[in-house]
Amino acid sequence: MGWFRAGSSVAKLASRRTLSQGGLYTARSRIVPSQNHYFHTTVFKSKAQSAPVPRPVPLSKLTDSFLDGTSSVYLEELQRAWEADPDSVDESWDNFFRNFVGQAATSPGISGQTIQESMRLLLLVRAYQVNGHMKAKLDPLGLEEREIPDDLDPALYGFTEADLDREFFLGVWRMSGFLSENRPVQTLRSILTRLEQAYCGSIGFEYMNIADREKCNWLRDKIETPTPMQYNRQRREVILDRLIWSTQFENFLATKWTTAKRFGLEGGETLIPGMKEMFDRAADLGVESIVIGMPHRGRLNVLGNVVRKPLRQIFSEFSGGTKPVDEVGLYTGTGDVKYHLGTSYDRPTRGGKRIHLSLVANPSHLEAVDPVVVGKTRAKQYYSNDVDRTKNMAVLIHGDGSFAGQGVVYETLHLSALANYTTGGTIHIVVNNQVAFTTDPRAGRSSQYCTDVAKALNAPIFHVNGDDVEAVVHACELAAEWRQTFHSDVVVDLVCYRRFGHNEIDEPSFTQPKMYKIIRNHPSALQIYQNKLLESGQVMKEDIGWISEKVSKILNEEFLASKDYVPKRRDWLSAYWTGFKSPEQLSRVRNTGVKPEILKNVGKAITTLPDNFKPHRAVKKVYDQRAQMIETGEGLDWAIGEALAFATLLVEGNHVRLSGQDVERGTFSHRHSVLHDQETGEQYCPLDHVIINQNEEMFTVSKKTCFVTRTANQIFLNLMMSKATLVLINKEPDLSAS
């Protein structure tokens, strides 16, 4: 790979230098509609004594002026060495010359191809991999004006329209996709066509910033397929059915409650089939439980169509309904507006499996739920012994403005790869309305995309046109596959629009008149997909009508049933937690005392260090003093009391987790729950050795380095601990960091 990178950089520099001999290269390029769509016009400024761009020459005639210095000589020496003994050169060069000579001998169409042209073609392919998303058709409204990068112009690499029907080969590199081995010889025209289809269609892929070759190759295998991805008739009928449900649900609410605030999903209806297909694929790959967090926009649609909250219950909440009945023995919240509530459901999947979905309640603070969802997922993984973190997954849905603008997003992202916080990857879906309340993107962020914050984690980002439901489904399925394969975060940027204002009674034309003039005349995603299927002949008009009538009938039946629906308090919960007492129930404080012999046994365990372990002398003195306290029962301080409380909880089988700034050592150097060997740097946690064969996660100390993250971190860890019981002996403020 090293020689390829070096060669690429040298060749690219040479290409630009060659072009610059003819004029001063300008940064702007445009597509010429009347000419071939692969080529751009490039504007040059005249320069005295300008020289023409040299034509590619065979390897044997390369001079030092192309690859600078001795590069061409090096290539010729490699070729001569290979001809004498193929084993004398690196395997990559052996493959290169073997394919080059073999292809040239068997295919007259590529007999004139040179090493120089091959390297330039590689640079063009790489340009599509890196910048193809800048040419992708992402904005359903066509409002965004983006300049196409010069790197995507074949003319930059010395190719002309006369080269379009010449055959080239690429398959000699240790990479996947277009650069994989044994790909058939193709004309430049077919290569460019497939590159345009793969990288400049309805999905824009950003992944070349990822340093891991295995991950990039995996994505290239998925993206750079020999032919574009096509769904069969059966899958298309399922996608159509789900899109009709999503669309007619919003239309039904708008008809029945015309002035109610519901923060509908109009303009982004393809989110629903995308999520359903994502969950189906995740279930096929081993996921059993998904915890979902999202803001209020589209929540009712997700509740009804994805998580399967009873429609009659949703309609009852719109109508005011009756007061919830009390349930003995159940801990409940106090309720909230309907578009803040959550629920849970065991949902059957298209593949015949069942998956548990839990949508967590969220306040108006759009991203406050992020650490809660990830923390709850981590807790589920612990209590279900999901060591590989493949059975429990978190999905977070964001708005474009909040994803770019709220700090809790960045904080949660940066926790994702830490050993004590990771959940094996979170799938992020950004419902990108291209407007944040009333703020245009150019006034809300400095970066090109609202998702650029995720690049800090080397997470792949799939930008997708929200009007292309099949592209949305494909991107969501790919995100599920990535998460289950590499156990890291992935982002789907659903570029759509908001058909109405911030809410249904808001007037968006006050601040976005141009956008909403286009939206008023823009067809829905359902209309676009119906027309596509009718044109293909795979679905008849009668089929569409039958599905629409079925959905309409069910919605009306549920509306009638909602008039008699009696809500229960458990309806407010995102999961039914048995054993949690309600505030109205009386309970007594348990006796938390422990027998002296138990305290002595655990006390010895947490004050004994391995013989070959060399702690700091001051820490060694602290532990010697603690051992003396345990032995005599005298002089006990708050630190040893806290350690004994933790230890006895562990003996009783409880999970204890500390999280916060300096919780490992303690702000005032009093805790020292984790010790560091002063010679080897090895760590030792006495509380990990209280009982025989103790699970290393049973007692977890997760220190933080940034004080700013404390608030989010506290929410995060509280749900991480889930049903664990924690007793703290509190003397100093730091001891409450739990």
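In this predicted model, I397 stands opposite I429 of strand β10. The two strands here are β9 (residues 392-399) and β10 (residues 426-432), which pair in the parallel sense over 6 bridges. In general, strands of a sheet pair through backbone hydrogen bonds, and the pairing can be parallel or antiparallel.

**The sheet around this pair**

- Strands β9 and β10 belong to an open sheet of 8 strands, and its order is β5-β11-β12-β10-β9-β6-β8-β7.
- The pairing in this sheet is mixed.
- Which strands sit at the edges? They are β5 (203-206) and β7 (343-348), each of which pairs on one side only.
- From one strand to the next, the twist averages 20°.

**A buried valine in a loop**

- Look for V306 in the loop between α10 (299-305) and α11 (311-319).
- Is V306 buried or exposed? V306 counts as buried because its relative accessibility is 0%, and the cut-off for buried is under 20%.
- Which residues touch V306, leaving aside neighbours within four places in sequence? The contacts are I272, M275, K276, F279, N301, R347 and L357.
- P273 is 33 residues away from V306 along the chain, yet their C-alpha atoms are separated by 8.6 Å.

- I598, V651 and I691 together make a nonpolar surface patch of about 200 Å².
- I598 is part of helix α20, which covers residues 596-607.
- I598 counts as partly exposed because its relative accessibility is 33%, which falls between the 20% and 50% cut-offs.

**The chain as a whole**

- How many helices and strands does the chain have? There are 23 helices and 16 strands.
- The chain has 738 residues, and 53% of them count as buried.
- Take the contacts between residues at least 6 apart in sequence: 76% of these join residues at least 24 apart.
- The accessible surface of the chain is about 34000 Å², and carbon and sulfur atoms account for 52% of that area.

Technical notes
Residues numbered from 1 in each chain as written. Predicted model: local features only at pLDDT ≥ 70, side-chain atom pairs only at ≥ 80, totals over all residues. Heavy atoms only, no water. Helix = DSSP H or I, 4+ residues; strand = E, 2+ residues; numbered from the N terminus. Buried < 20%, exposed > 50% of the residue type's maximum accessible area, 1.4 Å probe, protein only. Contact = heavy atoms within 4.5 Å. Areas by Shrake-Rupley, 256 points an atom, 1.4 Å probe, with all protein chains shown as cover. Patch = residues over 30% accessible without salt bridge, like charges linked within 9 Å, V, L, I, M, F, W, Y side chains within 5 Å. Salt bridge = Lys/Arg side-chain N within 4 Å of Asp/Glu carboxyl O. Pairing = 2+ DSSP bridges. Axes fitted to C-alpha atoms, helices over the stretch in contact; angles between N-to-C directions.
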